[in-house]
Amino acid sequence: MEINYQETSKDLLTRIDIHEKYGARNIDQWNTEVLNPQPGFKILDVGCGAGKQCFLFSDHTQGQVQITGGDFSEELLAKAREKMAQRGDKNITFQFLDFNKKFEFADNSFDILSSAFAIYYAADLKFTFSEAHRVLKPGGRLFVTGPLPENKQMFYEIIKEATGKPIPPMPGSSRFKGEIFQTIDGIFAKTELLKFENPLTFPEVAPFIDYVRASLSEDRKLWTSMFNGKEEYEAMIKSIETVAQRWFDRDGKLVMTKVVGGILATK
Ligand SMILES: C[S@@+](CC[C@H](N)C(=O)[O-])C[C@H]1O[C@@H](n2cnc3c(N)ncnc32)[C@H](O)[C@@H]1O
């Protein structure tokens with residue numbers, strides 16, 4: 001399956017910021033708690049984006065782990081390197097990695113391979129997760145997070161009501177629990193599914209619309225079946241805003257619950 005998905009640093013950083021401001025819980029803290037990296041560990045973060053997870057692993061161990069962050073977006077890698085320069089980390093490397101190609105690492109290299117909201121976009125799941133398995137040490141752990149089908153119901157309901165159109169298939173949520181879990185389970189010795197819920201409470205409509213814009217933006221190519229060009233995009237956002245305002249007036253707030261699955265597998 002060819003997935004023509006892209007991420008820009010502007011849209012990604014806007015969504016991260018909104019999660020931090022309005023979310024009740026912190027997903028990265030959850031990742032770190034589940035994996036609990038120990039000093040001396042070698043960690044690979046696949047689809048690292050602007051490096052958020054890499055910095056957390058490093059902070060969690062006071063810089064006592066070796067971290068490689070890989071992404072195919074040079075724009076996001078540049079952001080990650082910029083942040084690393086500000087922080088002064090010496091134990092993190094950011095490098096180009098396309099998870100649809102062979103990983104450029106030797107067999108049995110890493111204690112942990114994490115991928116937050118990224119690797120499930122892989123075109124050939126069996127190939128990509130076999131690569132993940134290959135580069136992990138025996139007993140090493142894979143942790144992949146992604147949306148479950150019940151994720152962000154309010155967000156999708158408002159968009160459906162506003163547009164009258166079906167939501168385009170999301171590569172993550174439609175296959176995370178099924179195809180992705182099964183593929184990993186078929187390759188790794190032990191696999192379990194964990195669940196994380198994080199309600200985002202918007203005290204007004206505007207930040208919700210910022211989130212909508214950073215999700216549906218043309219650049220990401222996930223939602224383009226719903227509009228044709230800039231004018232139609234703006235008209236769609238306007239209708240979404242009207243419906244969101246109606247929901248807000250009725251309920252006094254807008255609550256969007258992120259329901260995240262974490263697949264934890266051991267080699
Ligand atoms: C939603 S972002 C998540 C970023 C980061 N893990 C985080 O939690 O902030 C998805 C990431 O996957 C990356 N990505 C998408 N396709 C990729 C591919 N084929 N190879 C490597 N990275 C890819 C994007 O560039 C983006 O950084």
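Angles under 35 degrees count as roughly parallel, over 145 as roughly antiparallel, 65 to 115 as roughly perpendicular and the rest as oblique. Helices H6 and H9 are therefore oblique to each other. The structure is a predicted model, in which local features need pLDDT of at least 70, side-chain atom pairs count only at pLDDT 80 or more, and totals for chains, interfaces and linings use all residues. Residues are numbered from 1 along each chain as its sequence is written.

**Helix pair H6 and H9**

- The axes of H6 (residues 153-163) and H9 (residues 229-251) cross at roughly 120 degrees and come within 8 Å. Axes are lines fitted to C-alpha atoms, for helices over the stretch in contact, and angles run from 0 to 180 degrees between N-to-C directions.
- The crossing of H6 and H9 is right-handed (the near helix is turned clockwise from the far one by less than a right angle).
- Residues in contact (C-beta atoms, placed from the backbone, within 7 Å) include Ile158 and Ile159 of H6, with Met236 and Trp247 among those of H9.

**Sheet**

- Seven strands form an open sheet with mixed pairing, in the order S3-S2-S1-S4-S5-S7-S6. Helices (H or I, at least four residues) and strands (E, at least two) are DSSP runs, numbered from the N terminus.
- Strands S3 (92-96) and S6 (190-202) are the edge strands, each pairing on one side only; pairing requires at least two DSSP bridges between two strands.
- On average, neighbouring strands of this sheet are turned by 20 degrees against each other, direction ignored.

**Strands S6 and S7**

- S6 pairs with S7 (residues 254-266) in the antiparallel sense over 13 bridges.
- Lys258 in S7 stands opposite Asn198.

Definitions and conventions: Contact = placed C-beta atoms within 7 Å.
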